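I opened this model to look up a few residues one by one, noting where each sits and what surrounds it. The entries below follow the order in which I went through them.

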Amino acid sequence: MSRSIVRQSKFRHVFGQAVKTEQGYDDIRVSKVTWDSSFCAVNPKFLAVIVESSGGGAFLVLPLSKMGRVDKNYPLVIGHSGPVLDIDWCPHDDNVLASCSEDCTAMVWQIPDHTLTRPLSDPIVVLEGHSKRVGIVSWHPTARNILLTAGSDNLIIIWNVGTGEPLLSMDDHPDLIYSISWNRNGSLFCTTCKDRRLRVCDPRKREVVAERLAPHEGIRPMRAIFTRDGNIFTTGFTRMSQRELGLWDPTNFEEPIALLELDTSNGVLLPYYDADANMVYLCGKGDSSVRYFEITEEPPYVHYLNTFSSKEPQRGMGFMPKRGVDVSKCEIARLYKLHDKKCEPITMTVPRKSDLFQDDLYPDTAGPEPAMEPEEWLDGRDEDPILVSMREGYVPPKSRELKVAKKNVLDSRPTTRRSMSTLETNTLPPQLLERLLEEIQNLKATVLSQEQRICDLENKLSQYTNGTA
């Protein structure tokens, strides 16, 4: 007598549930730009949504606690002269956000902890290097201040936003780049392109180290993400326009580890990956459902778990980092679903009876501290993310200001040679030199004390606006 064996998995019964209406965010005019990005980014402090705006591009940033109806006059983040196409929160500072736009620029913003009282129009730094619209921004997972941008000029640029300078650029792609994903330690990234190739790139060597033609045979856009063990998960279309997902080993691109047909639909499947649980959530634009899968080392390697369905189609989706979920409710993921006029959080929960902390559901997760500085990464060092425990839940730290120290372009120019007679006549007397140095030191001390005063006042304002004072 044959007996069916059910696969053992702690995530087999994960279920999705939309929050109550009053815990959502209403009256948000979500952007209608025809670009396959998520239009939404979220972290433990803020929700950011790309919105419709006249005269340029804008996005809305709300503290997570500001639920309910959003005032139509709520201040936006404005600064781009064209529609915003993509946004991404910095993994090492919950108050820093990068955006990119059709105006050929990317910008980095410092979002204050207190609620905005007027539109924010001054970015910390403007990154100008692309000749066509910039469609992708992605922060490095472990190195401080490293940001990747990709544009319709088929160029990838990696920036140090601490100096506002480009560090590296790659022009190996002959056509439009659809998606980019860093691996766990940021030593490589994978890309999908309109030329139907999946590439693995080493940015510091400026070379493509592996590539595969047509991992999915259809001509519609593909997406690819790195998994924690170095494999690549892809979504695409078959020749008959059926949606398909695949799992690949980049060291052997000949045959897929797994290839699975899903359904027939036009919407591009956007994958969101949870490295701690090794789960992937698939959200199709225009779909009204979210499918989720578990990736394991046993065949068939990609296991379908369940589908969360709702009535309304999604315009985009945001994915909360693991440190932002509620461990007391056994919540393992939270997605923020964009409708035409609102944003609806969806919680993914493992049903457990115990109220105790569930060690098996919450291994140590990537924390907000960077593992290395940009110079170390550029010199060839690789580090995994610095992990933090979820046992006591996660409390976001206070705002840390991102300082940009732009180098003076004149410093790199050769100095003009002066004759000895000029030097001798212009030599300063020792007393005057000492007096000038003393005055410079006094001015520096005054500036530092004023900066500290500004910081103290902003923290006090934040306490009052958040009700903690």
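Predicted model: local features only at pLDDT ≥ 70, side-chain atom pairs only at ≥ 80, totals over all residues.

I began with Asp 287, which I found in the loop between β25 (279–284) and β26 (289–295), strands being DSSP runs of E of at least two residues and helices runs of H or I of at least four, numbered from the N terminus. Asp 287 counts as buried because its relative accessible area is 10%, where buried means under 20%, exposed over 50% and partly exposed in between, with a 1.4 Å probe and protein chains only. Leaving out residues up to four places away in sequence, I listed Arg 243, Ser 265, Leu 269, Glu 312, Pro 313 and Gln 314 as touching Asp 287, a contact being heavy atoms within 4.5 Å.

Residues are numbered from 1 along each chain as its sequence is written, and side-chain values use heavy atoms, with hydrogens and water left out.

Next I looked up Lys 337 in strand β29 (residues 331–338), and it counts as buried because its relative accessibility is 1%. Its side chain makes a polar contact of 2.4 Å with the side chain of Ser 310 (a pair of N or O atoms within 3.5 Å; within protein, one must be able to donate a hydrogen and the other to accept it, and residues adjacent in sequence count only if both atoms are side-chain atoms). A polar atom of the Lys 337 side chain also lies 2.7 Å from the backbone oxygen of Glu 312.

I then turned to Thr 192, which is placed in strand β17 (residues 189–193) and is buried because its relative accessibility is 1%.

Last, I checked confidence, given as pLDDT, the predictor's confidence in each residue from 0 to 100. The protein chain has a mean pLDDT of 89, and 90% of its residues reach 70 or more, but over residues 408–426 pLDDT stays under 50.
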